[in-house]
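Trainee: I would like to take a close look at a single part of this structure. Please go through it step by step.

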Amino acid sequence: MSFTHNSSESTALLSSPSSCSRRSRLASSCSRGVWAVAAIATLATLAVIAMAWAMLATNDLGKGGGGDKGDRRLNSTAVGRFIHITDLHVDPNYKAGATAYSQCHRVPKTSDHSEDSTLTGRFGRPNAKCDSPLALINATSAYLREEWAQKVDFVAWTGDSGRHDGDAEFPRTLDEIIEQNSIAAQSLRHAFGSRTPIVPNVGNNDVSPHNELPGPGHKRARSTFRQLAHAWGGLVPDDQLATFHYGGYFARDLKDYPQGGGLTALSVNTMYWYRANAKVGGCKAKDSPGLAQLAWIRWQIRRARERGRDLIILGHVAPNQDNYRPSCYHGYMRTVAQIVPPPGPHSPPLIHAQLFGHSNVDAWAFVGPDADWASPTNNNTASDSRLWWERQVDEEEGRFGELIHGVWSEEQSIQSETTVPDERDWALMEDDNSPPVRPAVPGDFVETLLREYERVIMQTPRHPRLGVTTISPSVIPKLLPAFRVFHYLQHTDSAWRRLAPGTLLDYDVYTADLYSHNKKSPAVDRFYQRLYRFSEVYGINDLSVDSYVRWARRLLTSKSMRKRFRALTFLDM
């Protein structure tokens, strides 16, 4: 099935040396013979080992899809898998043979294209300001269908399916963005079928203009959410449509554990925390869209506790002080860490994964609470150390009580279809417009991560609710098209005794070599190949927070490991 602009395209065994006969004429010659054969065997063994390492370095041990050729524990029935795919950036205007400086939209009129000596290929051009051609979307869909459709439990799809708006000759419209989201949704449906849960998400290029999204209830926001839900073709559950139409976020159950409980995804709308969105401000004002979403997350955490379920959070823009407004960043840290959980007989649910995209790199970062923002001396806290809005959520009163009963808990929104509130300048409502840190260039990106790792591992004692966010590489060939396959624990198993169900165990990164594919189209099942497995490269047993901390400590003391880490961040093996 293809999607078009108008469619919904080794080792040899060495014999042991014969033992010397007592009739050997000279014992010394016998001894020399034994040692000679032993030396040959040793050299052969070393050669085999060297070949194995060479194969690993060139990825010959991890080609193709689906096979777990490393840790045998990952083949256990206790282990499940899911795919994280992000930033498809579908561009039906892409033309093979076009110039990169035209964003791959226009073929040069003459053979003289000195400004850009390399023209675009069929499947896209790496390291250029171009989006994904339909040929790349079709090949990705076909590969996933061939190799992964029957091997994964669910798919996390974290936004930005619309193309970038950088070509003045092809200005984007909302209708075009919706169509590109529809193409992306259909390609994933074609790959995984209707039984595999696919959880979509709103990216900053899924709205028009890009980076601009008014608050809930505004006509433009409501129209965008309704059209996206329709384009995604039922991927937002019916009982979550009211919530999605209101704020662009929703919840979906993903997997039931055999021993009870299960995993639930929270698809969050990071546009309401994003610094670049001038249509909303921070998360201090009582009617802030970003604060309302934090309240919704807290309510969902409470519901998960009551239902005995664990959580996966997925969003587009990852939480850090460059990306989020300060009050939203600290609010997110506090909320996901649940520093002050409401009293009750149940322990807080575990947030096993926080999955993001947007940055087009392969990375992860620690996430944890901010002590100052969470301090009970804050004048916004109640007497029991909860913030005022947290208390409203827990007791279902006030504004957030109304949202719980009027929007989040019902299939139809309480918001009248004819009510269109004035668009408010949220940015002027509070003092939360401190300038972001200078955007990181590729080299600085890794150094920033390393400094954050150092800050976390130097803390004594480590905060008990420290978490990890992962940023997956993108399909758009800013580097090379890529996605991740995560392995997670579905139920307790002898091989993973100390880990709780839902814990991430490992991940693989798969990439498409467009430099080769643009010269000769590969077989469907060879379009993507495994670049590396996290545990094999870094020598860790699982992806629990404790393992990340131990690995970060080794990373900071090993120059060679840091060099490998830097290369893999940008998909360079």
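How many bridges join strand S11 to S12, and in which sense do the two strands run?

Mentor: The model is a predicted one. Strand S11 (residues 504-511) and S12 run antiparallel, and four bridges join them. Strand S12 covers residues 529-533 and is mostly covered, as five of its five residues are buried.

Now place the two strands in their sheet. S11 and S12 belong to an open sheet of six strands with mixed pairing, in the order S3-S2-S1-S10-S11-S12. S12 is an edge strand, and so is strand S3 (198-199); each of them pairs on one side only. Further along the order, strand S1 (residues 79-85) pairs with strand S10 (residues 482-489) in the antiparallel sense, over six bridges. Within that pairing, Arg 81 has His 487 in S10 as its bridge partner.

Helices lie across this sheet. Helix H2 (residues 134-147) lies across S1, S10 and S11, and runs at about 175 degrees to S1. Helix H3 (residues 174-192) lies across S1, strand S2 (154-157) and S3, at about 160 degrees to S2.

Arg 554 has a relative accessibility of 33%, so it counts as partly exposed. Leaving aside neighbours within four places in sequence, Arg 554 is in contact with Tyr 538, Gly 539, Ile 540 and Met 561. Take Tyr 538 from that list: Tyr 538 and Arg 554 are 16 residues apart in sequence, and their C-alpha atoms are 9.3 Å apart in space.

The axes of H14 and helix H15 (residues 559-569) come within 5 Å and cross at roughly 110 degrees. H14 and H15 are therefore roughly perpendicular to each other. On the H14 side, the contact is made by Trp 551, Arg 554, Leu 555, Leu 556 and Thr 557, and on the H15 side by Lys 559, Met 561, Arg 562 and Phe 565.

S8 and strand S9 (residues 467-471) run antiparallel and are joined by five bridges. Val 367 stands opposite Gly 467 in S9.

The structure holds 36 aromatic pairs. In one of them, the rings of Trp 364 and Tyr 453 have their centres 4.4 Å apart and their planes at 15 degrees, so the pair is stacked. This pair links distant parts of the chain: Trp 364 is in strand S8 (residues 363-367) and Tyr 453 is in helix H11 (residues 442-457), 89 residues apart. Trp 364 is buried, with a relative accessible area of 1%. Tyr 453 is buried too, with a relative accessible area of 0%.

Conventions. Residues are numbered from 1 along each chain as its sequence is written. This is a predicted model: local features need pLDDT of at least 70, side-chain atom pairs count only at pLDDT 80 or more; totals for chains, interfaces and linings use all residues. Side-chain values use heavy atoms; hydrogens and water are left out. Buried means under 20% relative accessible area, exposed over 50%, partly exposed in between (1.4 Å probe, protein chains only). Contact means heavy atoms within 4.5 Å. Two strands pair if DSSP finds at least two bridges between them. Rings of Phe, Tyr and Trp (its six-membered ring) pair if their centres lie within 6.5 Å; planes under 30 degrees apart count as stacked, over 60 as edge-to-face and the rest as tilted. Axes are lines fitted to C-alpha atoms, for helices over the stretch in contact, and angles run from 0 to 180 degrees between N-to-C directions. Angles under 35 degrees count as roughly parallel, over 145 as roughly antiparallel, 65 to 115 as roughly perpendicular and the rest as oblique.
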